[in-house]
Amino acid sequence: MSKSAAKKIQAIRGMNDLLPSESPRWQFFEAKVRQLMHRYGFDEIRTPIVEQTALFARSIGEVTDIVEKEMYTFDDRNGDSLTLRPEGTASCVRSAMEHGLLHNQTQRLWYQGPMFRHERPQKGRYRQFHQVGVETYGFDGPDIDAEVILLSARLWQELGLLEHVTLELNSLGSAEARAAYRDKLVAYFDQHHDVLDDDSKRRLTSNPLRILDSKNPAMAEMLNGAPQLMDHLDDESRTHFEQLKAMLDAAGINYVVNPRLVRGLDYYCRTVFEWTTTALGSQGTVCAGGRYDGLVEQLGGKPTPAVGFAMGIERLILLLETLELIPEEALGGCDVYLLPMDDNATIVALTLAEKLRSELPTLRLQLHCGGGSFKSRMKKADKSNAPIAVLLGEDELAEQAVTLKFLRDDREQLRVSQAELSATLQNLVPH
Ligand code: ATP
Ligand code: MG
(Lines give C-alpha, C1' and ligand atoms only; values in the text may rest on other atoms or scores of the structure.)
(Ligands and ions follow the chains in the order given, each with its own letter.)
Protein backbone atom coordinates (compact mmCIF):
# COMPACT_ATOMS: atom_id res chain seq x y z
CA MET A 1 0.00 0.00 0.00
CA SER A 2 1.34 3.43 -0.87
CA LYS A 3 1.90 5.93 1.90
CA SER A 4 -0.84 8.26 0.76
CA ALA A 5 -3.40 5.46 0.66
CA ALA A 6 -2.70 4.68 4.30
CA LYS A 7 -3.29 8.26 5.41
CA LYS A 8 -6.40 8.47 7.52
CA ILE A 9 -9.31 10.36 6.06
CA GLN A 10 -10.73 13.01 8.32
CA ALA A 11 -13.97 14.95 8.48
CA ILE A 12 -14.26 18.15 6.50
CA ARG A 13 -13.12 21.26 8.35
CA GLY A 14 -15.99 22.99 10.09
CA MET A 15 -18.23 19.92 9.85
CA ASN A 16 -18.60 18.10 13.12
CA ASP A 17 -19.44 14.61 14.21
CA LEU A 18 -21.99 14.42 16.96
CA LEU A 19 -20.54 11.83 19.29
CA PRO A 20 -22.56 9.52 21.54
CA SER A 21 -21.40 11.45 24.58
CA GLU A 22 -22.93 14.62 23.13
CA SER A 23 -26.06 13.38 21.38
CA PRO A 24 -28.19 13.16 24.55
CA ARG A 25 -27.84 16.94 24.93
CA TRP A 26 -29.12 17.45 21.41
CA GLN A 27 -31.95 15.02 21.98
CA PHE A 28 -32.90 16.90 25.14
CA PHE A 29 -33.02 20.17 23.20
CA GLU A 30 -34.78 18.68 20.20
CA ALA A 31 -37.43 17.03 22.35
CA LYS A 32 -38.22 20.39 23.98
CA VAL A 33 -38.52 22.03 20.56
CA ARG A 34 -40.74 19.31 19.13
CA GLN A 35 -43.06 19.43 22.12
CA LEU A 36 -43.27 23.21 21.99
CA MET A 37 -44.10 23.32 18.28
CA HIS A 38 -46.81 20.79 18.93
CA ARG A 39 -48.23 22.91 21.74
CA TYR A 40 -48.31 26.05 19.55
CA GLY A 41 -49.99 24.32 16.62
CA PHE A 42 -47.01 24.38 14.23
CA ASP A 43 -46.53 21.54 11.74
CA GLU A 44 -43.17 20.14 10.71
CA ILE A 45 -41.92 20.41 7.13
CA ARG A 46 -38.86 18.58 5.78
CA THR A 47 -37.27 19.71 2.55
CA PRO A 48 -34.21 18.39 0.69
CA ILE A 49 -30.75 19.55 1.71
CA VAL A 50 -29.88 20.40 -1.89
CA GLU A 51 -31.76 22.89 -4.07
CA GLN A 52 -31.21 24.67 -7.35
CA THR A 53 -28.69 27.45 -6.84
CA ALA A 54 -31.10 30.00 -8.34
CA LEU A 55 -33.49 29.53 -5.40
CA PHE A 56 -30.98 30.97 -2.94
CA ALA A 57 -29.51 33.55 -5.29
CA ARG A 58 -32.98 34.93 -5.97
CA SER A 59 -34.31 34.87 -2.44
CA ILE A 60 -31.38 35.68 -0.17
CA GLY A 61 -30.04 38.33 -2.53
CA GLU A 62 -27.02 38.35 -4.84
CA VAL A 63 -25.07 40.83 -2.73
CA THR A 64 -25.38 39.20 0.68
CA ASP A 65 -22.45 37.48 2.42
CA ILE A 66 -24.19 34.14 2.02
CA VAL A 67 -24.61 34.28 -1.74
CA GLU A 68 -21.39 36.17 -2.42
CA LYS A 69 -19.01 33.94 -0.55
CA GLU A 70 -20.54 31.31 1.70
CA MET A 71 -22.51 28.89 -0.46
CA TYR A 72 -21.50 25.32 -1.25
CA THR A 73 -22.36 25.33 -4.94
CA PHE A 74 -21.50 22.61 -7.45
CA ASP A 75 -22.59 21.26 -10.80
CA ASP A 76 -24.21 17.86 -10.66
CA ARG A 77 -23.69 15.24 -13.35
CA ASN A 78 -26.32 16.83 -15.56
CA GLY A 79 -24.56 20.18 -15.40
CA ASP A 80 -27.26 21.77 -13.20
CA SER A 81 -26.00 24.20 -10.61
CA LEU A 82 -27.00 22.94 -7.17
CA THR A 83 -26.36 24.35 -3.70
CA LEU A 84 -26.33 22.83 -0.22
CA ARG A 85 -28.93 24.90 1.57
CA PRO A 86 -27.38 27.75 3.59
CA GLU A 87 -30.69 28.44 5.39
CA GLY A 88 -34.22 27.10 5.51
CA THR A 89 -36.57 29.91 4.54
CA ALA A 90 -36.10 29.79 0.77
CA SER A 91 -36.61 26.02 0.66
CA CYS A 92 -39.70 26.33 2.81
CA VAL A 93 -41.25 28.92 0.49
CA ARG A 94 -40.30 26.87 -2.57
CA SER A 95 -41.89 23.75 -1.12
CA ALA A 96 -45.02 25.47 0.17
CA MET A 97 -45.60 27.08 -3.24
CA GLU A 98 -44.89 23.90 -5.15
CA HIS A 99 -47.43 21.93 -3.13
CA GLY A 100 -50.15 24.55 -2.99
CA LEU A 101 -49.82 25.12 0.77
CA LEU A 102 -50.18 28.86 0.31
CA HIS A 103 -53.33 28.75 -1.75
CA ASN A 104 -56.16 30.45 0.17
CA GLN A 105 -54.86 29.24 3.49
CA THR A 106 -52.53 30.13 6.28
CA GLN A 107 -49.60 28.00 7.44
CA ARG A 108 -47.55 27.69 10.60
CA LEU A 109 -44.57 25.51 9.83
CA TRP A 110 -41.36 24.50 11.53
CA TYR A 111 -38.27 22.62 10.42
CA GLN A 112 -34.92 21.54 11.70
CA GLY A 113 -31.79 20.25 10.09
CA PRO A 114 -28.30 20.95 8.80
CA MET A 115 -27.35 24.11 6.92
CA PHE A 116 -24.10 24.74 5.06
CA ARG A 117 -22.02 27.89 4.80
CA HIS A 118 -18.38 28.22 3.85
CA GLU A 119 -17.35 30.46 6.74
CA ARG A 120 -14.19 30.55 8.83
CA PRO A 121 -14.79 27.86 11.47
CA GLN A 122 -14.54 28.99 15.08
CA LYS A 123 -16.43 28.44 18.31
CA GLY A 124 -20.13 28.78 17.52
CA ARG A 125 -19.50 29.09 13.77
CA TYR A 126 -19.26 26.01 11.58
CA ARG A 127 -19.57 25.03 7.93
CA GLN A 128 -22.24 22.49 8.64
CA PHE A 129 -24.45 23.74 11.43
CA HIS A 130 -28.01 23.07 12.47
CA GLN A 131 -31.03 25.27 12.75
CA VAL A 132 -34.54 25.03 14.07
CA GLY A 133 -36.78 27.40 12.16
CA VAL A 134 -40.35 28.57 12.13
CA GLU A 135 -42.16 30.05 9.12
CA THR A 136 -45.73 31.37 8.99
CA TYR A 137 -47.65 32.40 5.87
CA GLY A 138 -50.79 34.39 5.23
CA PHE A 139 -50.85 36.58 8.35
CA ASP A 140 -50.59 40.35 7.95
CA GLY A 141 -51.07 41.63 11.46
CA PRO A 142 -48.56 41.95 14.29
CA ASP A 143 -50.28 39.20 16.29
CA ILE A 144 -48.35 36.49 14.45
CA ASP A 145 -45.09 38.42 14.90
CA ALA A 146 -45.86 38.42 18.62
CA GLU A 147 -46.85 34.75 18.55
CA VAL A 148 -43.55 33.54 17.05
CA ILE A 149 -41.57 35.74 19.43
CA LEU A 150 -43.57 34.37 22.37
CA LEU A 151 -42.91 30.84 21.16
CA SER A 152 -39.17 31.48 21.17
CA ALA A 153 -39.40 33.18 24.56
CA ARG A 154 -41.18 30.17 26.01
CA LEU A 155 -38.41 27.91 24.73
CA TRP A 156 -35.83 30.05 26.56
CA GLN A 157 -38.04 30.03 29.64
CA GLU A 158 -38.31 26.25 29.65
CA LEU A 159 -34.60 25.79 29.07
CA GLY A 160 -33.73 28.24 31.85
CA LEU A 161 -32.22 30.67 29.35
CA LEU A 162 -34.66 33.57 29.44
CA GLU A 163 -32.61 35.67 31.85
CA HIS A 164 -29.48 35.09 29.77
CA VAL A 165 -30.79 36.36 26.43
CA THR A 166 -31.93 39.75 25.17
CA LEU A 167 -34.56 40.41 22.54
CA GLU A 168 -33.53 43.10 20.07
CA LEU A 169 -36.23 44.48 17.85
CA ASN A 170 -36.48 46.83 14.89
CA SER A 171 -38.75 47.62 11.99
CA LEU A 172 -37.45 47.95 8.45
CA GLY A 173 -40.72 49.41 7.16
CA SER A 174 -42.27 48.71 3.80
CA ALA A 175 -40.17 48.05 0.71
CA GLU A 176 -40.93 51.61 -0.48
CA ALA A 177 -40.00 53.23 2.82
CA ARG A 178 -36.81 51.22 2.82
CA ALA A 179 -35.94 52.36 -0.67
CA ALA A 180 -36.48 56.02 0.27
CA TYR A 181 -34.42 55.55 3.42
CA ARG A 182 -31.71 53.84 1.43
CA ASP A 183 -31.26 56.97 -0.68
CA LYS A 184 -30.90 59.13 2.44
CA LEU A 185 -28.44 56.66 3.89
CA VAL A 186 -26.31 56.56 0.74
CA ALA A 187 -26.25 60.38 0.67
CA TYR A 188 -25.06 60.38 4.31
CA PHE A 189 -22.38 57.74 3.68
CA ASP A 190 -21.20 59.67 0.61
CA GLN A 191 -20.55 62.63 2.88
CA HIS A 192 -18.41 60.39 5.11
CA HIS A 193 -16.76 58.42 2.37
CA ASP A 194 -13.28 58.77 3.90
CA VAL A 195 -14.37 56.91 7.07
CA LEU A 196 -15.84 53.90 5.23
CA ASP A 197 -13.77 50.71 5.20
CA ASP A 198 -13.36 48.69 1.99
CA ASP A 199 -16.24 46.33 2.74
CA SER A 200 -18.54 49.26 3.33
CA LYS A 201 -17.41 51.06 0.16
CA ARG A 202 -18.31 47.94 -1.76
CA ARG A 203 -21.69 47.75 -0.06
CA LEU A 204 -22.46 51.41 -0.67
CA THR A 205 -23.91 50.65 -4.07
CA SER A 206 -25.03 47.07 -3.50
CA ASN A 207 -26.44 46.81 0.03
CA PRO A 208 -25.91 50.05 1.99
CA LEU A 209 -28.18 48.99 4.89
CA ARG A 210 -25.66 46.28 5.71
CA ILE A 211 -23.08 48.98 6.48
CA LEU A 212 -25.13 49.72 9.60
CA ASP A 213 -24.30 46.18 10.76
CA SER A 214 -20.56 46.86 10.69
CA LYS A 215 -18.66 46.15 13.90
CA ASN A 216 -15.63 48.18 12.78
CA PRO A 217 -14.85 50.54 15.72
CA ALA A 218 -13.35 53.11 13.36
CA MET A 219 -16.78 53.59 11.86
CA ALA A 220 -18.80 53.51 15.08
CA GLU A 221 -19.10 57.25 15.58
CA MET A 222 -20.03 57.89 11.97
CA LEU A 223 -22.67 55.11 12.16
CA ASN A 224 -24.15 56.58 15.32
CA GLY A 225 -24.85 59.79 13.45
CA ALA A 226 -26.46 58.03 10.48
CA PRO A 227 -30.13 58.69 9.72
CA GLN A 228 -32.30 56.09 11.43
CA LEU A 229 -34.70 53.83 9.65
CA MET A 230 -37.11 54.23 12.55
CA ASP A 231 -37.53 57.91 11.63
CA HIS A 232 -38.41 57.04 8.04
CA LEU A 233 -41.05 54.38 8.53
CA ASP A 234 -44.29 54.52 6.57
CA ASP A 235 -47.40 55.01 8.72
CA GLU A 236 -48.67 51.47 8.37
CA SER A 237 -45.35 49.95 9.39
CA ARG A 238 -45.12 52.35 12.30
CA THR A 239 -48.57 51.29 13.54
CA HIS A 240 -47.69 47.62 13.00
CA PHE A 241 -44.53 48.06 15.07
CA GLU A 242 -46.31 49.97 17.85
CA GLN A 243 -48.94 47.24 18.05
CA LEU A 244 -46.32 44.53 18.20
CA LYS A 245 -44.55 46.31 21.03
CA ALA A 246 -47.84 46.69 22.91
CA MET A 247 -48.47 42.95 22.55
CA LEU A 248 -45.02 42.08 23.84
CA ASP A 249 -45.46 44.54 26.72
CA ALA A 250 -48.77 42.92 27.62
CA ALA A 251 -47.12 39.48 27.55
CA GLY A 252 -44.34 40.72 29.83
CA ILE A 253 -41.59 40.19 27.28
CA ASN A 254 -38.64 42.55 27.65
CA TYR A 255 -36.96 43.90 24.53
CA VAL A 256 -34.70 46.68 23.37
CA VAL A 257 -35.35 48.52 20.15
CA ASN A 258 -32.10 48.46 18.20
CA PRO A 259 -32.39 50.92 15.30
CA ARG A 260 -29.25 49.49 13.70
CA LEU A 261 -30.59 45.95 13.49
CA VAL A 262 -31.07 45.36 9.75
CA ARG A 263 -30.34 41.61 9.31
CA GLY A 264 -28.16 40.40 6.51
CA LEU A 265 -30.70 39.10 4.06
CA ASP A 266 -32.55 41.05 1.38
CA TYR A 267 -35.97 39.64 1.96
CA TYR A 268 -36.90 41.16 5.30
CA CYS A 269 -39.42 44.00 5.78
CA ARG A 270 -41.12 45.49 8.81
CA THR A 271 -40.36 43.43 11.94
CA VAL A 272 -36.84 42.11 12.43
CA PHE A 273 -35.54 40.65 15.68
CA GLU A 274 -32.63 38.82 17.23
CA TRP A 275 -32.16 37.04 20.53
CA THR A 276 -28.61 37.64 21.67
CA THR A 277 -26.41 36.60 24.56
CA THR A 278 -23.17 37.95 25.93
CA ALA A 279 -22.12 34.51 27.21
CA LEU A 280 -20.73 33.21 23.89
CA GLY A 281 -18.27 35.90 22.88
CA SER A 282 -18.69 37.32 19.41
CA GLN A 283 -21.01 34.53 18.21
CA GLY A 284 -23.78 36.03 20.32
CA THR A 285 -26.90 35.70 18.18
CA VAL A 286 -28.79 32.52 19.02
CA CYS A 287 -32.00 33.21 17.11
CA ALA A 288 -32.90 35.66 14.38
CA GLY A 289 -35.89 36.38 12.24
CA GLY A 290 -38.53 38.73 11.01
CA ARG A 291 -41.17 39.48 8.44
CA TYR A 292 -40.60 38.81 4.75
CA ASP A 293 -43.85 39.73 3.01
CA GLY A 294 -42.28 40.11 -0.42
CA LEU A 295 -40.46 36.79 -0.78
CA VAL A 296 -43.26 34.53 -2.00
CA GLU A 297 -44.08 36.95 -4.82
CA GLN A 298 -40.38 37.37 -5.59
CA LEU A 299 -40.19 33.59 -6.10
CA GLY A 300 -43.14 33.58 -8.46
CA GLY A 301 -46.10 33.14 -6.09
CA LYS A 302 -48.97 35.41 -5.08
CA PRO A 303 -48.19 38.17 -2.57
CA THR A 304 -48.20 36.38 0.80
CA PRO A 305 -47.29 37.89 4.15
CA ALA A 306 -44.73 35.79 6.02
CA VAL A 307 -42.93 35.81 9.37
CA GLY A 308 -40.29 33.44 10.67
CA PHE A 309 -37.09 32.89 12.56
CA ALA A 310 -34.18 30.47 12.74
CA MET A 311 -32.13 29.49 15.76
CA GLY A 312 -28.67 27.97 15.76
CA ILE A 313 -28.68 24.68 17.66
CA GLU A 314 -24.89 24.52 18.20
CA ARG A 315 -24.86 27.95 19.84
CA LEU A 316 -27.84 27.11 22.03
CA ILE A 317 -26.29 23.85 23.20
CA LEU A 318 -23.02 25.67 23.88
CA LEU A 319 -24.96 28.21 25.90
CA LEU A 320 -26.79 25.52 27.87
CA GLU A 321 -23.48 23.81 28.61
CA THR A 322 -21.75 27.05 29.57
CA LEU A 323 -24.54 27.84 32.01
CA GLU A 324 -24.77 24.20 33.17
CA LEU A 325 -28.45 24.06 32.36
CA ILE A 326 -28.65 20.54 30.97
CA PRO A 327 -30.28 18.34 33.62
CA GLU A 328 -28.43 15.24 34.77
CA GLU A 329 -31.17 12.88 33.61
CA ALA A 330 -30.85 14.33 30.10
CA LEU A 331 -27.26 13.19 29.90
CA GLY A 332 -27.91 9.68 28.65
CA GLY A 333 -26.89 6.41 30.29
CA CYS A 334 -29.31 3.74 31.43
CA ASP A 335 -31.20 2.85 34.58
CA VAL A 336 -30.43 -0.83 34.81
CA TYR A 337 -27.64 -3.11 33.62
CA LEU A 338 -28.88 -6.68 33.37
CA LEU A 339 -25.99 -9.02 33.87
CA PRO A 340 -25.95 -12.78 33.25
CA MET A 341 -22.98 -13.90 35.39
CA ASP A 342 -22.04 -16.73 33.06
CA ASP A 343 -23.07 -18.08 29.68
CA ASN A 344 -25.65 -20.46 31.19
CA ALA A 345 -27.71 -17.44 32.20
CA THR A 346 -27.73 -15.79 28.76
CA ILE A 347 -31.07 -17.10 27.53
CA VAL A 348 -32.90 -16.39 30.77
CA ALA A 349 -31.37 -12.90 30.82
CA LEU A 350 -32.50 -12.18 27.26
CA THR A 351 -36.04 -13.29 28.02
CA LEU A 352 -36.14 -11.39 31.28
CA ALA A 353 -34.86 -8.23 29.60
CA GLU A 354 -37.63 -8.37 27.00
CA LYS A 355 -40.25 -9.01 29.69
CA LEU A 356 -39.08 -5.96 31.66
CA ARG A 357 -39.12 -3.81 28.52
CA SER A 358 -42.72 -4.84 27.87
CA GLU A 359 -43.80 -4.19 31.44
CA LEU A 360 -41.85 -0.98 32.02
CA PRO A 361 -41.81 0.94 28.73
CA THR A 362 -39.91 3.92 30.12
CA LEU A 363 -37.16 1.84 31.76
CA ARG A 364 -33.73 2.22 30.14
CA LEU A 365 -32.25 -1.24 30.37
CA GLN A 366 -28.99 -2.40 28.89
CA LEU A 367 -28.38 -6.13 28.61
CA HIS A 368 -24.84 -7.35 29.00
CA CYS A 369 -23.69 -8.89 25.72
CA GLY A 370 -20.39 -10.39 24.69
CA GLY A 371 -19.67 -12.82 27.52
CA GLY A 372 -16.35 -12.42 29.38
CA SER A 373 -15.00 -13.33 32.78
CA PHE A 374 -16.92 -12.44 35.91
CA LYS A 375 -14.54 -9.57 36.55
CA SER A 376 -14.87 -8.09 33.09
CA ARG A 377 -18.65 -8.40 33.25
CA MET A 378 -18.73 -6.43 36.51
CA LYS A 379 -16.45 -3.81 34.98
CA LYS A 380 -18.85 -3.34 32.09
CA ALA A 381 -21.74 -2.99 34.53
CA ASP A 382 -19.82 -0.25 36.29
CA LYS A 383 -18.94 1.50 33.04
CA SER A 384 -22.57 1.55 31.93
CA ASN A 385 -23.16 4.21 34.60
CA ALA A 386 -26.41 2.48 35.52
CA PRO A 387 -27.21 2.89 39.22
CA ILE A 388 -28.58 -0.65 39.44
CA ALA A 389 -27.14 -3.95 38.21
CA VAL A 390 -29.47 -6.93 38.03
CA LEU A 391 -27.39 -10.08 38.46
CA LEU A 392 -28.34 -13.54 37.23
CA GLY A 393 -26.00 -16.28 38.48
CA GLU A 394 -26.28 -19.97 39.21
CA ASP A 395 -28.13 -19.49 42.53
CA GLU A 396 -30.50 -16.95 41.04
CA LEU A 397 -31.30 -19.28 38.14
CA ALA A 398 -32.08 -22.12 40.56
CA GLU A 399 -34.40 -19.90 42.61
CA GLN A 400 -35.94 -18.04 39.65
CA ALA A 401 -34.71 -14.89 41.32
CA VAL A 402 -32.23 -12.06 40.65
CA THR A 403 -29.86 -10.03 42.78
CA LEU A 404 -30.09 -6.26 42.68
CA LYS A 405 -26.75 -4.56 43.26
CA PHE A 406 -26.64 -0.81 43.84
CA LEU A 407 -23.62 0.50 42.02
CA ARG A 408 -23.70 4.09 43.16
CA ASP A 409 -25.25 3.97 46.62
CA ASP A 410 -23.85 2.38 49.70
CA ARG A 411 -26.77 0.03 50.07
CA GLU A 412 -27.24 -3.69 50.78
CA GLN A 413 -27.91 -5.83 47.75
CA LEU A 414 -31.38 -7.35 47.38
CA ARG A 415 -32.61 -10.78 46.29
CA VAL A 416 -35.95 -10.50 44.45
CA SER A 417 -37.97 -13.12 42.61
CA GLN A 418 -38.07 -12.69 38.84
CA ALA A 419 -41.86 -12.40 39.02
CA GLU A 420 -41.61 -9.39 41.33
CA LEU A 421 -38.74 -7.71 39.54
CA SER A 422 -40.67 -5.21 37.48
CA ALA A 423 -42.70 -4.02 40.47
CA THR A 424 -39.47 -3.57 42.45
CA LEU A 425 -37.75 -1.66 39.66
CA GLN A 426 -40.77 0.54 39.19
CA ASN A 427 -40.32 1.79 42.74
CA LEU A 428 -36.55 2.12 42.50
CA VAL A 429 -36.16 3.89 39.18
CA PRO A 430 -37.32 7.52 38.82
CA HIS A 431 -39.51 8.26 35.82
P1 ATP B 1 -24.09 35.69 12.14
O2 ATP B 1 -24.33 37.16 12.17
O3 ATP B 1 -23.67 35.10 13.45
O4 ATP B 1 -23.24 35.25 10.98
P5 ATP B 1 -26.40 35.21 10.54
O6 ATP B 1 -27.11 36.51 10.52
O7 ATP B 1 -25.56 34.82 9.37
O8 ATP B 1 -25.54 35.05 11.88
P9 ATP B 1 -28.83 33.71 10.22
O10 ATP B 1 -28.65 33.45 8.80
O11 ATP B 1 -29.83 34.69 10.65
O12 ATP B 1 -27.42 34.04 10.88
O13 ATP B 1 -29.09 32.33 10.98
C14 ATP B 1 -29.81 32.24 12.22
C15 ATP B 1 -28.97 31.64 13.30
O16 ATP B 1 -28.26 30.51 12.86
C17 ATP B 1 -27.89 32.54 13.83
O18 ATP B 1 -28.40 33.44 14.75
C19 ATP B 1 -26.94 31.55 14.48
O20 ATP B 1 -27.43 31.18 15.76
C21 ATP B 1 -27.02 30.39 13.55
N22 ATP B 1 -25.89 30.39 12.61
C23 ATP B 1 -25.75 31.11 11.48
N24 ATP B 1 -24.59 30.81 10.86
C25 ATP B 1 -23.99 29.85 11.63
C26 ATP B 1 -22.77 29.12 11.52
N27 ATP B 1 -21.95 29.26 10.50
N28 ATP B 1 -22.48 28.22 12.50
C29 ATP B 1 -23.31 28.03 13.55
N30 ATP B 1 -24.47 28.69 13.70
C31 ATP B 1 -24.82 29.59 12.76
MG1 MG C 1 -23.52 34.91 8.96
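The C-alpha centres of domain 1 and domain 2 sit 47 Å apart. This picture comes from a predicted model. Domain 1 is put together from two stretches of the protein chain, 22-174 and 233-323, while domain 2 takes up residues 334-428.

Next comes ligand 1 and what lies around it. A total of 15 residues surround ligand 1, and the closest of them are Arg-117, Glu-119, Arg-125, Arg-263 and Thr-285. Sorted by class, this shell holds 6 nonpolar, 4 polar and 5 charged residues.

Three of these side chains can be followed atom by atom. On the nitrogen side of things, an N or O atom in the side chain of Glu-119 lies 2.7 Å from a nitrogen atom of ligand 1. With Arg-125, the pair involves an oxygen atom of ligand 1, and the distance to an N or O atom of the side chain is 2.9 Å. As for cover, ligand 1 taken alone exposes 580 Å², and the protein buries 84% of that.

Where along the chain does the shell come from? The largest share belongs to S10, which gives 4 residues to the shell.

Then there is the matter of open space in the protein. The second largest pocket has a volume of about 780 Å³. Its lining is made up of 23 residues, and those closest to the pocket's centre are Gly-332, Cys-334, Asp-335, Arg-364 and Pro-387. By class, the lining of this second largest pocket splits into 8 nonpolar, 7 polar and 8 charged residues.

Key: Residues are numbered from 1 along each chain as its sequence is written. Chains are lettered from A and ligands numbered from 1 in the order in which they are written. This is a predicted model: local features need pLDDT of at least 70, side-chain atom pairs count only at pLDDT 80 or more; totals for chains, interfaces and linings use all residues. Side-chain values use heavy atoms; hydrogens and water are left out. A residue is near a molecule or strand if one of its heavy atoms lies within 4 Å of it. A polar contact is a pair of N or O atoms within 3.5 Å; within protein, one must be able to donate a hydrogen and the other to accept it, and residues adjacent in sequence count only if both atoms are side-chain atoms. Accessible areas come from the Shrake-Rupley method with a 1.4 Å probe; for residues, only the protein chains shown count as cover. Helices (H or I, at least four residues) and strands (E, at least two) are DSSP runs, numbered from the N terminus. Ala, Val, Leu, Ile, Met, Phe, Trp, Tyr, Cys and Pro count as nonpolar, Asp, Glu, Lys and Arg as charged, and the others, Gly among them, as polar. Domain bounds come from an automatic or database domain assignment. On a 1 Å grid over the protein atoms alone, a cavity is a set of points where a 1.4 Å probe fits but cannot get out, and a pocket is an open set with protein on both sides within 12 Å along at least five of seven lines; lining residues have an atom within 4 Å of a point. Grid points are joined across faces, edges and corners, and a volume is the space filled by probe spheres set on the points.
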